[in-house]
Structures are given as structure tokens and as C-alpha cells.
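Let's take a friendly tour of how parts of a protein chain meet. Have a look at the structure first, then read on.

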Amino acid sequence: MSATTPPLSRRLDSLQSSAIRDLLKLTSRADIIGLAGGLPDAELMPRDRIAAAAETALSSRAVLQYTESPGWGPLREVLAARESARTGRPLSIDEIFVTHGSQQALSLLAEVLLDPGALVIVEDPAYVGALQVFRAAGARILAVPLDSEGMRLDILRDLLAKGERPAFVHTVSNFHNPGGVTMSSARRRELAELADAHGFWIIEDDPYGELWFDQPAPAPVATYSPNVIRLSSASKILAPTLRVGWMIAPTKVCRAVELLKQGADLCGSALTHQIAADLLADTDWLTAHIDKVRNIYGERAHALVDAVRTRFGDRITCTEATGGMFLWADFTDGTDTQALLPAALDAGVAYVPGSAFAVSTDYTHSMRLCFTTSEAAILTEAVDRLARAHAAAESQGAVGNQAQL
Ligand code: PMP
């Protein structure tokens, strides 16, 4: 008798594998310069300092034990002090919750804040990792486009005026992934006012805020309203392997997340929590370390922007490189970035087509370029290759045309 295969849950129907992960499988060839990846540079991660902190932590057997579900107390103390300084609000450790990277905070928050069919408002283009979580939670998703000052609040206001009532608005307020832009102070204040007036949460997803190049990012949205749940992470300033992210939220949200975290994984790793606490509390060392990463990423970002502007002139517009890890570039000549990709891979350069991040707009002519993992000269070479691929594809009529503009 043949075995009947039992089904998977219906939630899976709404899930797709991330187009970026699929693309990375294609682009991991050694001869390809990767602008697609979106990873911080492992060469700049403080391996020796992490090893020293691990050795100190392991000198006691206590570190081998389970820890508290909201995170190891001394780490939460360090985070409360840092985030109090950042938001200008004195925070108690009951408002700090450590998660397995900020990605886990997104996943737990989706369970805590969303009933089936609840509305979530995201930015367009969107952080794909957040979209995957919200889709899996069965949310109805509406997208608000970005401009150079971040989320278009005039469009959000229109949605609210039409009676749309989001459970929360998700924003990557600083150095957006993938959009490259930072929300202006005025919009942060205004978004907070809208949340207070209409009674929705804001998830301020901020893993990149400390990686500014020319001037620090504006005060967090969380400065302006108690209805903001702020997420940040050690992944981009120390190392993703620690899997240390943190949430700053009202106690009631922290307690709800705690119940779910117990079911998900009982608790985080006392070892990596202690390592993170050691490094984050070592303020002189940390400042020097982050300054180094910021300066190197800044040089790379500027090199990439210069190369794009020199090679493509007015055929591409791209964001100013002000921080974070990404540039967002738009072809103005009708080039379809999905259609251009095979020629780009042949020429030895990879990027992520804008369509991978699209929610409502298709971003056919856009692409995300990551500048963190290659030195300036390699980034310039990458843009030369892209220009060659573009010229070759264009001469074959393979990348779209002016009529599409
Ligand atoms: N939010 C955003 C906007 C991100 O870009 C990322 C990682 N790429 C995350 C959250 C998750 O990071 P982590 O889980 O490593 O903290």
C-alpha cells in the first residue's frame, strides 16, 4: 500500500524562498565581484577581541548554563545604558529584550502583534526578511514608497484617512536596506504623532544606525513616542555569528515576547550574550572599532558612487552614500535590471535586481548594490564590468528601451 504524504500547514502557501538567497547560490563563483550579498565584511570583525571575551566568559562554568529568556541581565544593563543615551529616555532593563538577532524579534513580534488578516504597512522597496515574516504570519500587507527623506508619510496619511488601520508600521529608519535612504527628523516626529493619534505600533528596525559616514543618524523614532518598538543588533557592528539583537519596547510587549521566546528556544546563548556585553561595555575600544568600520565602509561607498556616476552619467541615478551597507540605483534609460543580470554575471559582477524587494511597485529598472565586502579598486572594476555588460546587452536590444520609461 502506498503511503499517503501528510500535508504541511497552509501558512507555507504564502511563503517564497528569498530571491536573494537563490541569487547568491548563482553568484558565489570566485570570478564574480559580489555587490549582491549584503553581508558585513568578516575581515573587519573583531575576531581577537571576541576570542578574548569568550575566554573570560568561559573561565566560569556559569556561562555553560541556560540563561534568562529576556537575555543575560548584565547585557540588558549595558544595552539599557546605550539605548537610554541614544533615545534620550531613561530605560529600565524590563524594557530591553535580547533576541537571536533582530530577525527573531521580527518573528516574535509578528506573533505578538498580529491577528490573522491584520494589516501591516511596510516600506517599498522593503527589507525582504521582514516581508517573509509578515507574510508567514498571514498579514495583509500594504506598502508605502520611499523618497530621499524615507517613508512617504503623505501616502501613509492617505491610507489612514481611507480608514486603513495597521497593527504596525515597519520602518528601517536609518540607511535603509535596500533603499539606502534615512528618514528625516521631521518625518520621524510626524510618524510618531500618527502612531499616537491612530493607535498603531511602529517597529523601528535599526541595525545600521551606527554605521554613518559623514554625520550621525538623526534621533531614533523611539525618541518621540512610547508606541515605538525599536530593534537593533550586534550583527553589523560586531559580528552576525553572535546572534545578538535587542528590542526596546514597553514592558507589556516584552512580557508577551518572553512567553513566545520560551516556546521558540527557551533562551539565547549565555556565551554570546556575555561576549556581546563585554565588547559593548568596553566603550573606548568599541568607539574606535566602530569608527574604523564606518571609515572603511564610507571610503568604499564613496568609491562605488563615484564609479557609478563616472561610468553611467545620467543613465543611472543612485542614492547618496551616507551610511549602512547599500546603494539603491535606478537606470533612467529603461534598462530592465532582471534582464541585464545574465550579461552582468557573464561580465563578472552581481547585484540584486530591484524586483527582489518590490511590494507594490515593480522596480524593474532598479538594483541594490552592496559596497561592504570589496575594496575601492575592486568596486570600481565591478562598475566597469557592469558598464560593459550594459553596453553589450544594449547592443543586442536585451535590456529594455526608452519606450518603457
Ligand atoms: N533588519 C534589517 C533591516 C536587516 O537588514 C537585517 C539583516 N540583514 C536584520 C533586520 C536582521 O539582522 P540580524 O538578525 O542579524 O540582527
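## Charged pairs

Which kind of link do the side chains of Asp48 and Arg47 meet in? They meet in a salt bridge, with N to O at 4.0 Å. A salt bridge here is a side-chain nitrogen of Lys or Arg within 4 Å of a carboxyl oxygen of Asp or Glu. Asp48 and Arg47 are both exposed (buried means under 20% relative accessible area, exposed over 50%, partly exposed in between, with a 1.4 Å probe and protein chains only).

A quick note on the source: this is a predicted model, where local features need pLDDT of at least 70, side-chain atom pairs count only at pLDDT 80 or more, and totals for chains, interfaces and linings use all residues. Residues are numbered from 1 along each chain as its sequence is written, and side-chain values use heavy atoms, leaving out hydrogens and water.

## Two helices side by side

Helix α6 (residues 153–161) packs against helix α7 (residues 185–198) at about 10°, with axes 11 Å apart. Axes are lines fitted to C-alpha atoms, for helices over the stretch in contact, and angles run from 0 to 180 degrees between N-to-C directions. Helices (H or I, at least four residues) and strands (E, at least two) are DSSP runs, numbered from the N terminus.

Arg157 also forms a salt bridge with Glu190, their closest N and O atoms being 2.0 Å apart. This pair links α6 to α7, 33 residues apart.

## Cysteines

How many disulfides (cysteine sulfur pairs within 2.5 Å) turn up in the whole structure? The search finds 0. Cys254 is buried, at 0% relative accessible area.

Notes: Disulfide = S-S within 2.5 Å.
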